[in-house]
Amino acid sequence: MAKTSDNPYLVQPVMKALGVLELVARHGHEIALTAVSRELRIPKTTTFRYLQTLSAAGFLDHNRATDRYTVGPRLRAIARADASITRIRECARPAMIELMHEFNETVNLAVKGNGTVVYVDLIEANRSLRMQARIGDSHPMHSTALGKAILAFLPEAERQRQLDLPLAERTGRTLIDRDEVARQLKQAVRLGYATEMGENEDGAMCVGVPILDERGYPVAALSISAPLMRMPPSLAAKAGKRLREVASGISARLGSG
């Protein structure tokens, strides 16, 4: 079990339930209620409630025939997602460093959330006037070049579901007209890259491209961001072309054809 803490905000039953989850996951195969209770020194009735709750949530799986517990589909999905993000980051990082040195601007890597992109890596340029995004930040898909790059290459039905979500207005230039967003997405498909100008952060410009997996699905996006005054249209076009080349190489390493 986890060590006790003086933090008054900890919810001890949650900590204990997580301890149960960790034990079952580490066990590697099916484990009985009595074994969990004995190892964690938790009463059987309490352990049973934790196991049943975790099973109902999909984090564990209860085999009624053997009355034993093992890792459930939801926990496996989280593990797969984490492994996928790690692989994407490992494939992309060398190219991100190269792009940062080539353009001397910040390079971002993000994956798709629910109507958002989540930043999973970034390489900052050693310059003043840097962008505000940080690893772990979540920004709307429609207001970012990263998000538009992913949206443009999603299957049509999934793209429409994403666009049916509320379109938050991040700045005075954020596109919240769905027809205009759709027009930009068509342009992104034609050019192979997406752009945004002050739509997610005032005074910032970003150029983004999708990273595709073995199915041709946009699992992530790569972008270069800079203050508007340092990214004229000619440089944005050059960045878009270079990003396409780099993303194609990363996609190939992920198995994309």
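User: In the hairpin of strand 7 and strand 8, which residue takes a positive phi?

Analyst: This is a predicted model. Strand 7 covers residues 194-197, and strand 8 covers residues 204-212. The hairpin has six residues between these strands, and the one with a positive phi, near 70 degrees, is G198.

User: How many bridges join strand 7 to strand 8, and what is the bridge partner of E196 in strand 8?

Analyst: Strand 7 and strand 8 run antiparallel and are joined by four bridges. E196 belongs to the covered face of strand 7, together with A194, while T195 and M197 make up the uncovered face. Across in strand 8, E196 has as its bridge partner C206.

User: In the open sheet of three strands, which strands stand at the edges?

Analyst: The order of the open sheet is 1-3-2, with antiparallel pairing. Strand 1 (31-32) and strand 2 (60-63) each have a single partner strand, so one side of each lacks a neighbour in the sheet. The edges are therefore strand 1 and strand 2.

User: Is V14 buried, partly exposed or exposed?

Analyst: V14 lies in helix 1, residues 12-27. With V11 and L18, V14 makes a nonpolar surface patch of about 260 Å². Buried would need under 20% relative accessible area and exposed over 50%. V14 has 45% relative accessibility, so V14 counts as partly exposed.

User: At what distance from the ring centre of Y217 does R215 lie?

Analyst: The structure holds zero aromatic pairs. R215 does lie over the face of Y217, and its distance from the ring centre is 5.1 Å.

Definitions and conventions: Residues numbered from 1 in each chain as written. Predicted model: local features only at pLDDT ≥ 70, side-chain atom pairs only at ≥ 80, totals over all residues. Heavy atoms only, no water. Patch = residues over 30% accessible without salt bridge, like charges linked within 9 Å, V, L, I, M, F, W, Y side chains within 5 Å. Areas by Shrake-Rupley, 256 points an atom, 1.4 Å probe, with all protein chains shown as cover. Salt bridge = Lys/Arg side-chain N within 4 Å of Asp/Glu carboxyl O. Helix = DSSP H or I, 4+ residues; strand = E, 2+ residues; numbered from the N terminus. Buried < 20%, exposed > 50% of the residue type's maximum accessible area, 1.4 Å probe, protein only. Phe/Tyr/Trp six-rings, centres within 6.5 Å; stacked < 30°, edge-to-face > 60°. Lys NZ or Arg CZ within 6 Å of the ring centre and 35° of its normal. Pairing = 2+ DSSP bridges.
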